[in-house]
Amino acid sequence: MASITLEGLKKTYSGDAHAVKGIDLHIEDGEFVVLVGPSGCGKSTLLRMVAGLETITEGTLKIGERVVNTLEPAERDIAMVFQNYALYPHMTVYNNLAYGLKNRGFKKDDIEKRVRVAAQMLEIEAFLDRKPRKLSGGQRQRVAMGRALVRDPAAFLFDEPLSNLDAKLRVQMRVEIKQLQRRLKTTSLYVTHDQLEAMTLGDRLVVLNAGQIEQVGTPMEIYARPATMFVAGFIGSPAMNMLSVDYLTAQGADGPLDNLPEGTDTVGIRPDDMHLAPPHAPHLILDSTLALFEAAGAESHLYVTLADSAQPTVIRVSGQPPVAEGDTLRIYVPRHALHPFNSTTGQRIQD
Amino acid sequence: MQTKRMTFPGRWLPFALLAPQVIITLIFFIWPAGQALYQSLLREDAFGLRSTFVGLENFARLFRDGSYLNSLSVTVVFAVGTTLLSMSVALLLASTVNRMLRSRSTYTTLLVWPYAIAPALAGVLWWFIFNPSIGIVPYMLEMVGYQWNHRNSGSDAMLLVILAAAWKQVSYNFLFFLAGMQSIPQSLIEAAAIDGASPIKRFWTIVFPLLSPTTFFLMVVNVVYAMFDTFGIIHATTEGGPAQATNILVYKVYADGFVGLNLGSSAAQSVILMVIVVALTVIQFRFIERRVNY
Amino acid sequence: MVENRPWANGFAHTVLIIGVALVVFPVYIAIVASTQAPDELLRGTLPLLPGSHGIENYTQMWLSGVSSTNSPSAALMLWNSFVMAMAITVGKLFISLLSAFAIVYFRFRFRMFFFWLIFVTLMLPVEVRIIPTYQVVADLSMLNSFAGLSIPLIASATATFLFRQFFMTVPEEMLEAARVDGAGPMTFFKDILLPLSVTNIAALFVIMFIYGWNQYLWPLLITTDPDYTTIVMGIQRMTSEENPQWHLIMAAVVMAALPPVLVILFMQRLFVKGLTETEK
């Protein structure tokens, strides 16, 4: 097991397209780090660079204390779980798990032992003699994990491993991956575009956008204090509402806005922080009309149109409030729930 | 042209992997083709001792030569006849088999095996059936008053080789037509039926137009087959006769070169044939590109 | 089918039965002829039913061939055809797999050049460049040898293209997973790529075997020694005699046709796959 260090990692394709624009990141030994971002943000490319499946244009990559920039994937002591599993269709599950060990010259009985242990851990012992074709999606997923497990590598790399599963199975496998990683304490780098998966799995999140890091932090740090407007919009569902300070001032909400930090021209408000009843803390008041009411069981989403604004805004409340579409709603936002941003730089203004 | 997203490193390995094919290609394809090109510009003297450079003279001679022009027109008749006959029979059989459910695979099996028969054997079989002294077909034709003799009659001989060539090719065309028909969505046929089209009308207004890519492809393939793969049929039966009535181009190259030992002329004929193959291949590939974009 | 009229089905069956009959007819005649006594065929018109001399005709053809000429026994000719067909088939598959592997899984200088070099062979059937190719083989002293019979026919752009096409459809992750699993190029080729290509190899095998078995012009030119006579050209030699012995010739025809026909009948699915995919 080992830490992974990325220093100024860059990837340039021919034709000057910068896929990855200089990433610095240190992953501690045993840590579970999730790379998250929209498609095309470079997260998969970054992972594949760590795996050795893409060449590194610039920068240094260390696994443990060893610089591995030019090493073959097999020499990096990593294991990878692919999005479509990449199981060898003509081999039995047993041979799929054993293949990497055979190529590395492991002894036969050692291979046997390791495969049994991994199969037991993943509860796939019953399928060892089957071909991947005969397995369900969830079982294939386990075999793909098993192939990574048997080698006992320095690090696991996951490339959107759950995206081919249906919603229910995805939640189940997510929990299992987390438990497995806790138990094995193997350094893990996990790529996903699903922010919920990212939040629930990672010890730390790395939010990527356009080949650059937007923010690194624990899931709660990122949720509570998004460093950029991009992160604010990407993490959290429904997404954070963005209102300009000018609008709020024009609406007569100047009182609590006085002490916003210097340079703030936009404030973000999470849908959970908009209330239909006045809180005790200092707050702003906004008038709106309810455009659409969405009941989602334990909670409801209210899509409202703010007065004198075309800005669509979402409110999340628990239960089902007694409101109807077309109603005029008064919204209360506590002062401490405002996230100050500068829309020119896209950065959070530190308060 | 693409490779995989990720490739193996290796300086010498790819060349080593390519070497067997490239060496064979160079020795047995590129070099002889170059030789043909080179020899087509030379003329050997009567004793084959000296050759002189004559430029395009060999080609000019060919197009003044009555027997070559005859061979050209014989080839056209043979290719068109073979293509039309085998394709129309195949289309009829394929469209009939396609409406069968349970017996489809049985009929398919019974119809495809002639593909395995060598052209030369196909020639021998039909030659035997039409043998003027012991053949069964001339006997039957005689009863209706026709004196069949492909040893004397050029048109009888041509008909014979067309029959043999088409017979062997039906199975190939049949398979492609059947595959083409099976790729036509059943819903289109059903929509046409609801629109009130009779089975025959459905065939000509829906199925046949949608088959046109297959038909065009098969036309090119059949012409190539008739021009180049039928050497065996001609050689094993008519040997180009009677009176050059079945002397197709590919047979003439052989006859002039190996039997007549006229190397310059034979080489020039080779070059012309190569140009024809290249042209047909280009047509075929352009068509495939178009079909991919469908 | 959209509708199901009994008379239409009856008509369709009639068309198909006539079609099958026409397709089978020449071979049926061959079988009939091969079972007749020698004088039966000289007497005039061929009978329509098989005769009783089948066993002796086939035995004679198999063991000693046509005695009047020095044409070899069918057993030897069939063996020669088999060796030639197998050499061509295995050779084609071997060099095509290797070169397709190089073209798809490596980046190297002159890749496009080699691709086009191979592509060109697609356009040059042996019939077209027959004389210079003969000269090359003669210069290399390969006349009257199995090497001369097979090697010049081995280069095959068709098979190379098919394998290239197929390799392109193998998921990228197969290669990536194998490399993470520590497989080098040849290990990957042997452990992953070849097993995945089995169906394609088998399909091409059927097509190539038939192609090899049915070679005619090339053996005709390359071999003068009767020991190398293949069955297809041997039959032609027998027919061009003064008084062809049709009962033996037809027995030879049936024996010559049997191996490739059996291959098609028993591997119909692979045959259809091979045929329709090599031409696309």
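Residues are numbered from 1 along each chain as its sequence is written, while chains are lettered from A and ligands numbered from 1 in the order in which they are written. In this predicted model, local features need pLDDT of at least 70 and side-chain atom pairs count only at pLDDT 80 or more, whereas totals for chains, interfaces and linings use all residues.

The predictor assigns the complex an ipTM of 0.86 and a pTM of 0.84. Helices (DSSP runs of H or I, at least four residues) and strands (runs of E, at least two) are numbered from the N terminus. Within chain C, confidence is highest in helix 10 (residues 185–196), at a mean of 93, and lowest in helix 2 (residues 38–42), at 71.

Chain A contains ten helices and 17 strands, and its C-alpha trace spans about 75 × 45 × 35 Å along the principal axes. Contacts are scored where C-beta atoms, placed from the backbone, lie within 7 Å. Among the contacts in chain A with a separation of 6 or more, 65% join residues 24 or more positions apart.

An automatic or database domain assignment supplies the domain bounds, and chain A is divided into domain 1 (4–233) and domain 2 (239–341). The C-alpha centres of the two domains of chain A lie 39 Å apart. Four residues from domain 1 and six residues from domain 2 of chain A make up the contact. On the domain 1 side, three residues are nonpolar, one is polar and none is charged; here Ala, Val, Leu, Ile, Met, Phe, Trp, Tyr, Cys and Pro count as nonpolar, Asp, Glu, Lys and Arg as charged, and the others, Gly among them, as polar.

Strands are taken to pair if DSSP finds at least two bridges between them. In chain A, an open sheet of four strands has the order 2-1-4-5, with antiparallel pairing. Strand 2 (17–27) and strand 5 (66–67) of chain A are at the edges, each with a single partner strand, so one side of each lacks a neighbour in the sheet. Eight bridges join strand 1 (residues 4–13) to strand 2 of chain A, and Lys10(A) stands opposite Lys21(A) in strand 2.

Strand 13 (residues 283–296) and strand 14 (residues 299–306) of chain A pair antiparallel over eight bridges. These strands form a hairpin with two residues between them, where Gly297(A) in the turn has a positive phi of about 85 degrees. Tyr303(A) in strand 14 is the bridge partner of Leu292(A) and also stands opposite Val314(A) in strand 15. Strand 14 and strand 15 (residues 312–318) of chain A run antiparallel, joined by seven bridges. Their hairpin has five residues between the strands, and Asp308(A) takes a positive phi near 55 degrees.

The contact between chains B and C takes 83 residues from chain B and 79 residues from chain C. Helix 1 (residues 13–39) of chain B provides the largest share of the chain B side, 18 residues.

Methods: Two residues are in contact if their C-beta atoms, placed from the backbone, lie within 7 Å. pLDDT is the predictor's confidence in each residue, from 0 to 100.
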